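The exercises below are to be worked with the sequence and the 3D structure at hand. Try each task before reading its solution.

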Amino acid sequence: MPTITELRASYQSGDLSPSDAIRTLADTIESTDREIQAYISYDTDAALAEAAKADLSLPLGGVPVAIKDVINVKGQPCTCGSKFLDGKYTAPYDAGVIKKLRAAGAIPYGRANMDEFAMGSSTENSAIQTTRNPWDTSRIPGGSSGGSAAVIAANEAIAALGSDTGGSIRQPAALCGCVGLKPTYGRVSRYGLVAFASSLDQIGPMTQTVEDAALLLQAISGHDAHDSTCVKEAVPDFNSFVGQDIKGIKIGLPKEYFAEGLDPEVKSTVEAAITQLESLGAEPVEISLPHTEYAIATYYIIATAEASTNLARFDAVRYGHRSENAANLIDQYRRSREEGFGEEVKRRIILGTYVLSSGYYDAYYLQAQKVRTLIRKDFTEAFEKVDLIASPVTPTPAFKIGEKSDDPMAMYLADIYTISANLAGICGISVPCGFTRTDDGKQLPVGLQLLGKPFAEGDLIKAGHAYEKSTDWQKTAS
Amino acid sequence: MTTATANKYLVSIGLEVHVQLKTNSKMFCSCPVRYGDEANTLTCPVCLGLPGAMPVLNLGAIKRTIRSGLMLGCKTPPVVKWDRKSYFYPDMPKNYQITQFDLPLCEGGGVPLYDLAYPKEVQKNIPEPGKTIALTRIHLEEDVAKSTHHATFSSIDFNRAGTPLMEIVSEPDITTPDEAFAYLNSLRQILVYAGVSDADMEKGQMRCDVNVSLRPQGQEKLGSKVELKNLNSMSAVRRSLYYEIERQGEALDAGELIIQSTRRWDDSIGETRLMRTKEDAHDYRYLPDPDLLPLHTPELVAEAKIDLPELPHEKVTRFEEDFGITHYDASVLASDQNLANYYEQAATGASSAKKVANWVINNLLGVLNEQGLDITTCPLTAENLRELVDLIEAEQISNSQGREVFAALLESPDKTPSAIAKEKGFEPADSSEIDAFIDQAISANPGPAGEVSEGNDKAINFLTGQVMKLSRGKANPKQVGEGIIARLRG
Ligand SMILES: [Zn+2]
């Protein structure tokens with residue numbers, strides 16, 4: 001598929017119309033998605049109607065964007081990958097990012113699969129369908145925004161929105177070979193994003209190129225009066241960072257991120273990428289993020305505590321799955337949630353309920369908040385010495401569907417390099433940086449993660465684009 | 001409470017009062033706060049708790065809470081925050097309520113039990129008049145929706161969901177049901193003065209839970225707390241407490257153990273019934289709300305201090321000093337802010353502020369009451385009342401003529417007192433005319449005239465009355481009396 005930039009150029013030259021683009025996408029989805037299973041739903045007629053009146057003078061005029069099925073788009077279903085909402089909830093309002101996308105002329109088209117309520121790292125927790133990695137369909141696409149990454153890799157979308165709570169944009173982007181950017185907490189409105197962990201969630205772009213990520217980020221960034229955690233900080237011109245020189249920038253290499261547990265092939269691929277950055281003038285500096293080993297435990301306490309309250313609203317009183325066998329109100333709550341939620345969601349609700357319970361709060365939640373402060377401090381101190389931090393996104397390439405289904409801990413540990421950025425609230429990007437090869441000869445993408453200072457998404461775009469331009473890893477799976 | 005119970009046990013009562021704030025919009029969204037609309041028409045994704053919706057603080061509600069706190073002598077911490085209180089109930093769309101757990105908007109302070117803020121029969125029963133009931137805290141939270149239970153189903157109206165609700169928690173400093181009643185009245189008066197709420201319990205704008213415990217005389221530690229719910233009027237609070245104290249006293253007398261529990265007051269039969277015990281108490285699992293950032297308050301507090309209204313008791317003192325009226329009159333006038341404003345307007349610049357007070361209390365309030373009006377709908381303007389009092393004071397008209405003018409003013413609010421006096425021909429008699437009337441009265445009543453000459457003062461009144469009659473009320477009785485004495489004793 002053309003990139004956003006290319007698509008815009010063909011619109012301007014008159015070679016293509018937005019309706020042509022939608023039709024081409026629809027055809028590809030028809031032929032491809034039966035296998036990939038990345039879209040939960042898509043409404044081509046509605047998209048064509050919008051395409052017909054697209055204002056091409058707008059920055060994203062007529063550009064179709066796939067939306068993770070956790071973001072409310074007025075009049076569309078929003079399943080969150082859950083049986084609880086599938087067929088039982090239609091969004092009556094537009095999320096903040098959707099309003100901004102529309103204002104920029106974009107057309108939300110297609111709802112991408114995801115782990116149920118964004119809880120998971122493989123999209124296997126979707127109660128709707130199993131999405132396959134377009135590079136090797138026996139493997140997972142990553143998660144929780146696995147659908148958003150897969151539709152780009154499978155040529156089923158130009159660009160997509162994902163959400164990242166502990167790596168859910170960067171990790172699937174890495175495993176599917178596309179670009180995924182998690183903005184700084186507060187850069188993008190969360191209004192209308194069905195909350196998993198409110199203090200960690202952030203919506204971001206998933207694209208074919210860094211330049212596209214800059215364009216999409218530009219459109220969705222900025223204050224929203226409906227989200228008090230969304231800052232009033234001025235939004236820079238992200239596109240101005242595209243093509244900037246990276247000579248002399250200091251890139252920190254956290255020693256904890258290149259230690260035990262990292263697949264040797266992934267390690268050598270990422271190290272090669274760092275050497276490439278060095279050849280472009282960047283200066284690598286070894287740094288330490290000493291509290292890294294506590295990040296996963298901290299994350300699972302804070303995220304599940306918040307999730308346990310965020311998901312309390314799914315009670316079947318006004319919408320959602322209502323059990324038919326309930327004897328009374330309490331029974332209705334119990335059975336509806338028991339039947340409507342998947343195993344992982346229930347596991348996290350129970351964990352979160354436990355850590356907030358009377359007598360346990362101080363030992364778990366309060367303690368986790370203290371460690372979170374230390375993790376944040378690790379990054380503040382590191383960024384006094386370096387401009388960016390570089391690391392792998394994941395310890396291994398995409399694993400086989402079903403491989404880790406029975407081992408939640410193994411699944412949680414795979415988020416080790418991405419989780420800390422959410423705890424610290426900083427921004428990060430995943431850029432394709434090569435491949436590993438499977439025993440049966442298939443290529444599996446590897447991602448390079450760059451982490452930036454708060455509200456320094458521009459630096460990620462600058463370095464990400466410089467790297468991308470100097471290599472040739474940007475290709476789709478087909 | 002019987003004297004037996006009172007003598008044996010110490011009673012500790014604490015009140016949790018929920019007050020709906022007078023704001024235009026809800027606590028966390030821009031839906032209007034309004035009553036009587038069609039069910040579920042004043043809602044949006046936020047107050048319906050839809051997936052993805054987020055709360056945004058209503059600064060107006062925060063300012064009103066800080067203002068209430070300042071009037072009650074509370075302190076506002078420099079940083080406050082909001083917390084999620086989790087429990088499942090259909091009237092709460094998110095199944096957590098956004099409230100304030102450990103950093104409320106106001107801490108400390110108290111409610112002074114000023115006399116005359118509450119009825120006389122209550123005043124009689126208050127052990128320590130002038131006592132101040134200490135407050136623990138005041139916090140701000142969102143109201144829940146309104147459930148209605150039918151035979152086979154329940155319905156929920158979310159119009160009320162998310163209305164700003166201020167919770168005022170007292171220390172267990174209250175010792176009698178009458179003191180609790182006085183506390184509610186005094187608190188309500190201050191909140192109305194603050195302009196933050198109409199605080200009408202019958203309309204649900206003010207709701208109250210009480211907790212009460214008994215312990216033997218001499219014991220330090222408080223007894224087990226029993227919470228009472230379903231108290232829909234101030235009198236229900238008082239009656240339920242009388243009942244509950246008696247019930248607990250009898251139970252203790254019988255050697256029973258009181259367990260921490262919640263009981264429901266049934267107003268129709270006048271009894272409390274067990275709802276739940278401590279064992280079924282909720283674990284609310286408070287969590288700092290990650291959707292709302294902590295709020296820095298110093299600027300808001302400084303701003304609130306600028307136009308802080310005077311407290312009811314401060315107004316009483318000022319009225320006594322500025323207008324020279326009695327403490328009782330000042331308290332009656334200050335009991336209602338609109339009445340106080342009316343009086344102040346009429347009394348300022350009047351020839352006798354004291355007379356203005358008398359007219360308001362002795363004449364005006366009675367008439368308003370009879371006609372089902374209140375001071376805000378009073379046909380007689382404060383200016384006209386002042387002019388009326390001035391006319392009487394200047395002896396332009398007599399007291400009795402004044403009463404006629406007053407009555408006429410209520411009928412024709414557009415006319416001025418002097419215009420009415422003129423229409424009725426009430427003009428001060430000139431002195432030669434009065435002298436002639438005095439002569440006429442003396443010669444027509446030689447008996448009483450003789451008695452006056454001999455020093456009988458009672459007879460002066462009789463002759464004065466005769467002169468007043470002759471003058472058809474125009475003469476000034478004081479002047480007439482002096483004239484008679486001058487004539488007969490001079
Ligand atoms: Zn609302």
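**Exercise 1.** Which residues of α4(A) are buried?

Solution. The model is predicted: local features need pLDDT of at least 70, side-chain atom pairs count only at pLDDT 80 or more, and totals for chains, interfaces and linings use all residues. Residues are numbered from 1 along each chain as its sequence is written, while chains are lettered from A and ligands numbered from 1 in the order in which they are written.

Step 1. Helices (H or I, at least four residues) and strands (E, at least two) are DSSP runs, numbered from the N terminus. A residue is buried if 20 or more other C-beta atoms lie within 10 Å of its own, exposed if 12 or fewer, and partly exposed in between, with C-beta atoms placed from the backbone.

Step 2. Apply them. Gly96(A), Val97(A), Ile98(A), Lys100(A) and Leu101(A) are buried in α4(A).

Step 3. Look at the surroundings. These buried residues pack against β2, β3, β4, β6 (202-207) and α7 (210-220) of chain A. Just after α4(A), Gly105(A) has a positive phi of about 95°.

**Exercise 2.** Explain why strand β2 (residues 64-68) of chain A is largely enclosed by the rest of the structure.

Solution. Step 1. Five of the five residues of β2(A) are buried, so the strand is largely enclosed.

Step 1. Sort the residues by direction. Pro64(A), Ala66(A) and Lys68(A) point one way, Val65(A) and Ile67(A) the other way, and all are buried. In a regular strand the side chains alternate between the two faces of the sheet.

**Exercise 3.** Find the strands that pair with β2(A).

Solution. Step 1. Two strands pair if DSSP finds at least two bridges between them.

Step 1. β2(A) runs parallel to strand β3 (residues 107-112) of chain A, joined by four bridges. Pro64(A) has Ile107(A) as its bridge partner in β3(A).

Step 2. From β2(A) the chain crosses through helix α4 (residues 96-103) of chain A to β3(A), a right-handed β-α-β crossover (with the strands pointing away from the viewer, the path from the first strand over the helix to the second runs clockwise).

Step 3. Strand β4 (residues 160-164) of chain A also pairs with β2(A) in the parallel sense, over two bridges. The bridge partner of Ile67(A) in β4(A) is Leu161(A).

**Exercise 4.** What percentage of the residues in chain A is buried?

Solution. Of the 478 residues in chain A, 61% are buried. Chain A holds 15 helices and eleven strands.

Notes
Contact = placed C-beta atoms within 7 Å.
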